[in-house]
Amino acid sequence: MKLLDRYVLRNFLEPFFMCFTGFIAIWLIIDLADNFNDFIEAHASFRTIFLYYVTQVPQTVILAMPVALMLGLLFALSRMSRRNEIISQLTAGRSVLRVLVPVIAVGIGMTGFCAWLNWARAPHAELIKKTGMQKIKRGKRADEVEPVLGHLFRDRLHGRTWFVKKMRPKTDTPLEGVHVTQQDATGRIVKKWYGNAAYNPATKTWKLEKGMIVDFTPEGDVDKADRFPHGFRIISDWEETPLRVASAELDPAFLSVAELDEYLTSNADFTKVQLAPYRANLADRYALPLQCLLAVFIGAPLGIVYNRSGVIGGVTTAIILLAVMILAHYFFLVMGKGMRLDPNFSPWIPNIVLGLVGFELLWFRAANRDFPQWWFWLITVSVAMAAVLGYNFYYLHR
């Protein structure tokens, strides 16, 4: 790394880390103040409180990272612009893009880091946040998985109905009190299984223990009832998995990428409307981390100014675009979950539109040209949105 690259990086990393840690600290203080009375009433120990907030870090980092990148860039680049350091590098033969290489590299790295967090840790943190306080009040750990009692699941594809007395979703704990009813194509009950069930993901088999199997005649009478030989029975032709059995109890916003993939594969026979929330959340797992890179491409050209009067305007525009990006993300995610837009595509719409704006801003700044008037950006966004909505109209009506 060359000397000028290290200088740009050092000027950027200092305000970036200050903004990032400041955001985390403000979140922690506000949340702790909001939950302090609950912790006191639950007689929660310091360790319990500490572990609760540790579980919330992944989700908070994803929210804080684009904001910290944007504010850090605006502060560093505007300060370097006021000192004429950017102009000095340009006159030395460097292009704007070459000056920004270190901060773009940081943006790519933070995008990868947030993608890793958003793969599983951040969605699970959201679930803990929703249910953790109630568990702490009952003297349990916030991340402890509580059992679901009296769960009913219907596998329409294979004609099986599952009733589970007690189960713990997303764990390897056996299902207790399982009652599986097999029906034929006409709806007639053919067979029933009773017992405790454990699933082996390596062999994709179920092991039923401490139970029995009951066969029925075509008239619906009991033909025979036998207890499992050796106390258990291995069943290899059931395609259901514990995740699919528990699917009715699972919120797609709290599932990891692997869990969403498994759910969509296992429930491929569901309607598009039923699967839309799961498809939208799966697309969002990949689209959300790219906000970090978008923050760099939007903030960098607006942070570089060649006169003092342009600093305030650039900073204001960048903050407005950041707010639009965050709000648009939630809006289009909800539209996809509600099947108003293509759920596979809707979380990407803000990234595509604002990414186009960011690349144009960077191109104008790299070409040392003034940014166009407002009508140019209005046309750009309108054309991009028209193309996006046209695609979605085709998807929904094909």
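Predicted model: local features only at pLDDT ≥ 70, side-chain atom pairs only at ≥ 80, totals over all residues.
Where does Asn368 lie? I looked that up first: Asn368 is in the loop between helix H11 (349-366) and H12.

**Asn368**

I checked the cover on Asn368 and got a relative accessible area of 56%. The cut-off for exposed is over 50%, so Asn368 goes down as exposed. Then I took a distance to Ala318, which is 50 residues away from Asn368 in sequence. Their C-alpha atoms are 18 Å apart in space.

**Helix H12**

H12 covers residues 374-397, and Ile379 is found in it. I noted a nonpolar surface patch made by Trp374, Trp375, Leu378, Ile379 and Val383. Together these residues have about 600 Å² of accessible area. How exposed is Ile379, in relative accessible area? I got 48%, which makes Ile379 partly exposed.

I also looked at Leu396, again in helix H12. Leu396 has a relative accessible area of 33%, so I wrote it down as partly exposed. From Leu396 I ran a C-alpha to C-alpha distance to Lys191 and got 41 Å. In sequence, Leu396 and Lys191 are 205 residues apart.

**H1 against H2**

Next, a helix pair. Two packed helices are described by the angle between their axes and the distance between the axes, so I looked up both. Helix H1 (residues 3-41) packs with helix H2 (residues 46-82) at an angle of about 145 degrees. The axes of H1 and H2 are 6 Å apart. Which hand does the crossing have, left or right? H1 passes H2 in a right-handed crossing. What kinds of residues make up the contact of H1 with H2? I have 26 nonpolar, five polar and two charged.

**Salt bridges**

How many salt bridges does the structure hold? The count is seven, and I went through some of them.

I started with Arg94 and Asp5, whose side chains meet in a salt bridge at 3.0 Å, N to O. Arg94 sits in the loop between helix H3 (85-91) and helix H4 (96-119), whereas Asp5 is in helix H1, so this pair ties together parts that are 89 residues apart in sequence. Are Arg94 and Asp5 buried or exposed? Both are buried.

Asp5 has a salt bridge with Arg98 as well, with the closest N and O atoms 2.9 Å apart. Because Asp5 lies in helix H1 and Arg98 in helix H4, this pair ties together parts that are 93 residues apart in sequence. I compared the cover on the two ends. Asp5 is at 6% relative accessibility and counts as buried, whereas Arg98 is at 29% and counts as partly exposed.

Then I turned to Arg83 and Glu85. Their side chains meet in a salt bridge at 3.9 Å, N to O. The cut-off is 4 Å, so the 3.9 Å between Arg83 and Glu85 falls within it. Arg83 is partly exposed, with a relative accessible area of 48%. Glu85, at 18% relative accessibility, counts as buried, because the limit for buried is under 20%.

**Positive phi**

Backbone next. Most residues other than glycine have a negative phi, so I looked for exceptions. Lys204 has phi near 55 degrees, a positive value in a residue other than glycine. Where is Lys204? Its place is in the loop between strand S4 (189-200) and strand S5 (205-216). Lys204 counts as exposed, at 56% relative accessibility.

Lys210 went on the list too, with a positive phi near 50 degrees. Lys210 is found in strand S5. I got 72% relative accessibility here, so Lys210 counts as exposed.

**His329**

Last stop, helix H10 (residues 310-337), where His329 lies. Is His329 buried or exposed? At 6% relative accessibility, His329 counts as buried. I also took the distance from His329 to Gln291, 38 residues apart along the chain. The C-alpha atoms of His329 and Gln291 are separated by 9.3 Å.

Definitions and conventions:
Residues numbered from 1 in each chain as written. Heavy atoms only, no water. Patch = residues over 30% accessible without salt bridge, like charges linked within 9 Å, V, L, I, M, F, W, Y side chains within 5 Å. Areas by Shrake-Rupley, 256 points an atom, 1.4 Å probe, with all protein chains shown as cover. Helix = DSSP H or I, 4+ residues; strand = E, 2+ residues; numbered from the N terminus. Buried < 20%, exposed > 50% of the residue type's maximum accessible area, 1.4 Å probe, protein only. Axes fitted to C-alpha atoms, helices over the stretch in contact; angles between N-to-C directions. Left-handed = near helix turned anticlockwise from the far one by under 90°. Nonpolar A, V, L, I, M, F, W, Y, C, P; charged D, E, K, R; others polar.
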